[in-house]
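Let's take a friendly walk through this model together. Have a look at the sequence and the 3D view below, and then we can go from the whole chain down to a few details.

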Amino acid sequence: MTKFDRKIYHNSDIKYKLSLINHVQYIFDLCGIEEKVIHVLPTEQIDKKFSNKRLDFVVECESGNIYDIEFESLSVTENTLEKTWNYAKGLICKYDNDIYSLIIALSENNKFYEKQIGTTTHKPILLEMKKINGDEHLNNIKKKVNDNKELTSHDCAIIETIPDMKNTKKPEIVLEELCNLIKNGKINAENRTKLQATMWLNIDKYIKNLEKRNELMEMIDVEKSQKSEFFKWQEEYGKYREKKEK
């Protein structure tokens, strides 16, 4: 197996950025937000002091509303609120649209905050992954595979995020079951290569045993997909990190 720059893969944010590139509408469905995404917008901001900020993900919807989507691996705090407010201000200065903040929280220990600025209330939408029933989603995917139905792009988005949901089984067991479903399920080539990218990030995060990690990677054929989205992402993100560190 090729040796990768492992520091990239311990950051859960990377998985969600890659997942949103492929399945951004899915996050809106999870939140129950009745919006249709039509554009992914630039994430780079330069403030009045000419300092550079990079938002996690920004989209425009058919309604004209703009959403800044941020990922929080640790607990959501007042600092998270302050960060999203600063990002929202930058977007307000740049666009005439209504601006909303959406936080994808991976931790269980989150508090809900809102900020009152004059007549304006900054109240981010909070999506807590640990409050979503992963067992139910996993069983639904299993049923589709057992019924020999093709897994859709939406199904693939669910598979990518099940490990971060609330599961009764240990992450190692959940990931092994998911990899088996990917191996045996009907998935078109495009969706399969995208899954190889995000599932490798899941494997790297949750599987500590090297032998088991390699076994699961072989099961979903990560190494055979040298031209997959995973490798493209690794190359592009590596270039970004090198530029930022200079």
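## Surface and overall make-up

The accessible surface of the protein chain comes to about 13500 Å², and carbon and sulfur atoms account for 48% of that area. Of the 246 residues in the chain, 48% are buried.

The chain holds eight helices and nine strands. If you take the contacts with a separation of 6 or more, 66% of them link residues 24 or more positions apart.

The protein chain has an average pLDDT of 84, with 83% of the residues scoring at least 70. Confidence is highest in helix α3 (residues 134-146), where the mean is 97, and lowest in helix α8 (residues 229-245), where the mean is 53.

Residues 1-10 also deserve a word: pLDDT stays under 50 there, although the model has 25 contacts beyond four places in sequence for this stretch. Where pLDDT is low, the predicted coordinates should not be read in detail.

## A closer look at helix α3

At the start of the helix, a side-chain oxygen of N133 comes to within 3.0 Å of the backbone nitrogen of D135. After α3 comes N148, which has a positive phi, near 60°.

Which residues of α3 are buried? They are G134, L138, I141 and V145. Viewed down the axis of α3, the buried residues fall within an arc of 65°, so they line one face of the helix. An α-helix has 3.6 residues a turn, so residues three or four places apart point the same way. The buried residues of α3 pack against α4 (153-161) and α5 (171-184), while K143 and N146 are exposed on the face turned away from the buried side.

## A buried serine in a loop

S107 sits in the loop between β6 (99-105) and β7 (115-117). Is S107 buried or exposed? Its relative accessibility is 12%, and because buried means under 20%, S107 counts as buried.

The side chain of S107 makes a polar contact of 3.4 Å with the side chain of S75. Beyond its neighbours within four places in sequence, S107 is in contact with E72, S73, L74, S75 and K130.

Conventions: Residues are numbered from 1 along each chain as its sequence is written. This is a predicted model: local features need pLDDT of at least 70, side-chain atom pairs count only at pLDDT 80 or more; totals for chains, interfaces and linings use all residues. Side-chain values use heavy atoms; hydrogens and water are left out. pLDDT is the predictor's confidence in each residue, from 0 to 100. Helices (H or I, at least four residues) and strands (E, at least two) are DSSP runs, numbered from the N terminus. Contact means heavy atoms within 4.5 Å. Buried means under 20% relative accessible area, exposed over 50%, partly exposed in between (1.4 Å probe, protein chains only). Accessible areas come from the Shrake-Rupley method with a 1.4 Å probe; for residues, only the protein chains shown count as cover. The arc is that of the directions from the helix axis to the C-beta atoms. A polar contact is a pair of N or O atoms within 3.5 Å; within protein, one must be able to donate a hydrogen and the other to accept it, and residues adjacent in sequence count only if both atoms are side-chain atoms.
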